[in-house]
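Got your viewer open and a selection tool handy? Here is a walk through one model, stop by stop.

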Amino acid sequence: MTTCTQAIKKWESRTGQNATEASEIKLCCQIPPLSKFDKTLGTLKECQQLSLSTNTIDRMGSLSGMSKLKILSIGRNNLKKIEKLEDVASTLEQLWISYNQISSLEGIACCKKLTTLYMSNNTIKSFSELDHLAGLEKLKDVLFLGNPMYDEATDKVEARLRVLARLPQVTKIDGQLVKPSEIEASTQYMVL
C-alpha cells in the first residue's frame with residue numbers, strides 16, 4: 001500500500017511543486033493504492049482542493065492543519081462512514097464522496113459552509129437520512145442517484161420531490177435544476 005507521505009512525494013516529483021504550498025493536490029489512483037489517511041495530510045496547509053479518489057481508503061482520518069480546504073474528493077474508495085470533518089468544517093464547501101459504502105449522512109452536519117454534496121452510489125437506505133443535512137443552509141447541489149433510498153420512491157420524479165421536501169434549500173438535485181413546480185409538489189412529502 002502507498003502511504004500519504006509516499007503519494008505526496010510522487011506528486012511533488014511529477015508536478016515539480018512543493019505540496020505544502022500547493023492549492024490543489026491530486027492523489028488519485030495510486031499504485032499501489034492509498035489505504036488510509038495519515039498525519040502528512042495536515043502539512044498541506046495551503047491546499048484548497050484535495051483529491052484522494054479511486055484508492056482503497058476505508059476510513060476517514062484527521063484533516064487537522066488543512067485550514068484552507070474547500071473541496072474534498074474522496075469518491076471510489078471503501079468508506080463506510082463520514083467522520084472527522086470537524087477540522088475542515090469551517091472551510092469545506094464541496095464534498096465529493098460517491099461510489100463508497102456509506103449508509104448514513106451523520107458526520108456532515110458540522111460543515112456549515114457546504115454547498116455541494118455528491119453522494120451517488122452509496123448505501124443510504126432511507127430518505128430520513130437527509131434530515132442530517134437539514135441545517136446546512138448553504139447546501140444547493142446534491143447528488144444521491146444509485147442509493148437504495150431511491151427504491152422507496154415510485155420513480156425518479158418522486159425521489160427528487162422527497163429530497164426536496166427534506167432539503168428545501170437545494171436548487172439542484174441529481175444534476176438537474178429544481179423547477180418551481182417541484183417546489184410546490186414536494187410539500188406532499190414533507191415530514192411533520
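**Stop one: the loop between β1 and β2**

Start with P32, which sits in the loop between β1 and β2. (Helices, H or I runs of at least four residues, and strands, E runs of at least two, come from DSSP and are numbered from the N terminus.) Show the backbone here: the peptide bond from I31 to P32 is cis, with omega near -10 degrees. Most peptide bonds are trans, and most residues other than glycine have a negative phi.

Before moving on, note that this is a predicted model, where local features need pLDDT of at least 70 and side-chain atom pairs count only at pLDDT 80 or more, while totals for chains, interfaces and linings use all residues. Residues are numbered from 1 along each chain as its sequence is written, and side-chain values use heavy atoms, with hydrogens and water left out.

Now select S35, in the loop between β1 (24–26) and β2 (49–51). S35 is partly exposed, at 22% relative accessible area. (Buried is under 20%, exposed is over 50%, and partly exposed is in between, with a 1.4 Å probe and protein chains only.) Beyond residues up to four places away in sequence, S35 touches M1, T2, T56, I57 and D58; contact here means heavy atoms within 4.5 Å.

Where is T54? Look in the loop between β2 and β3.

Jump to Y99, in the loop between β4 and β5 (116–118). Y99 has a positive phi of about 55 degrees although it is not a glycine. At 38% relative accessibility, Y99 counts as partly exposed.

Select K68, in the loop between β2 and β3 (71–73). K68 is partly exposed, at 35% relative accessibility. Not counting residues up to four places away in sequence, K68 touches K45, E46, C47, Q48 and T91. Draw a distance to L92 as well: 24 residues along the chain, but 8.1 Å from C-alpha to C-alpha.

V88 and K68 are 20 residues apart in sequence, with 7.7 Å between their C-alpha atoms. Is V88 buried or exposed? V88 is buried, at 0% relative accessibility. Its contacts, leaving aside neighbours within four places in sequence, are L63, M66 and L69.

**Stop four: helix α2 and its surroundings**

Colour helix α2 (residues 156–166): eight of its 11 residues are buried, so the helix is largely enclosed by the rest of the structure. Those to pick out are E158, A159, R160, L161, V163, L164, A165 and R166. The buried residues of α2 pack against β6 (141–143), β7 (172–173), β8 (176–177) and α3.

For the α3 side, select E182, in helix α3 (residues 180–185). E182 counts as buried, at 11% relative accessibility. Apart from neighbours within four places in sequence, E182 is in contact with R160, L161, L164 and L177.

While A165 is selected, draw a line back to S35: the two are 130 residues apart in sequence and 37 Å apart in space, C-alpha to C-alpha.

**Stop five: the cysteines**

How many disulfides are there? The count is zero, using the rule that a disulfide is a pair of cysteine sulfur atoms within 2.5 Å. Check C4: its sulfur is 12 Å from the closest cysteine sulfur, in C47, too far for a bond. C4 is buried at 1% relative accessibility.

Then C111: the closest cysteine sulfur is in C110, 3.9 Å away, again too far for a bond. C111 is buried too, with a relative accessible area of 0%.

**Last stop: zoom out**

Switch to cartoon view for three helices and eight strands, running α-β-β-β-β-β-β-α-β-β-α along the sequence. The radius of gyration is 17 Å, close to the 16 Å that the globule rule gives for 192 residues, so the protein is as compact as a globular protein of that length. (The radius is taken over C-alpha atoms, and the rule is 2.2 Å times the number of residues to the power 0.38.) Along its principal axes, the C-alpha trace spans about 55 × 25 × 25 Å. Buried residues make up 45% of the 192.
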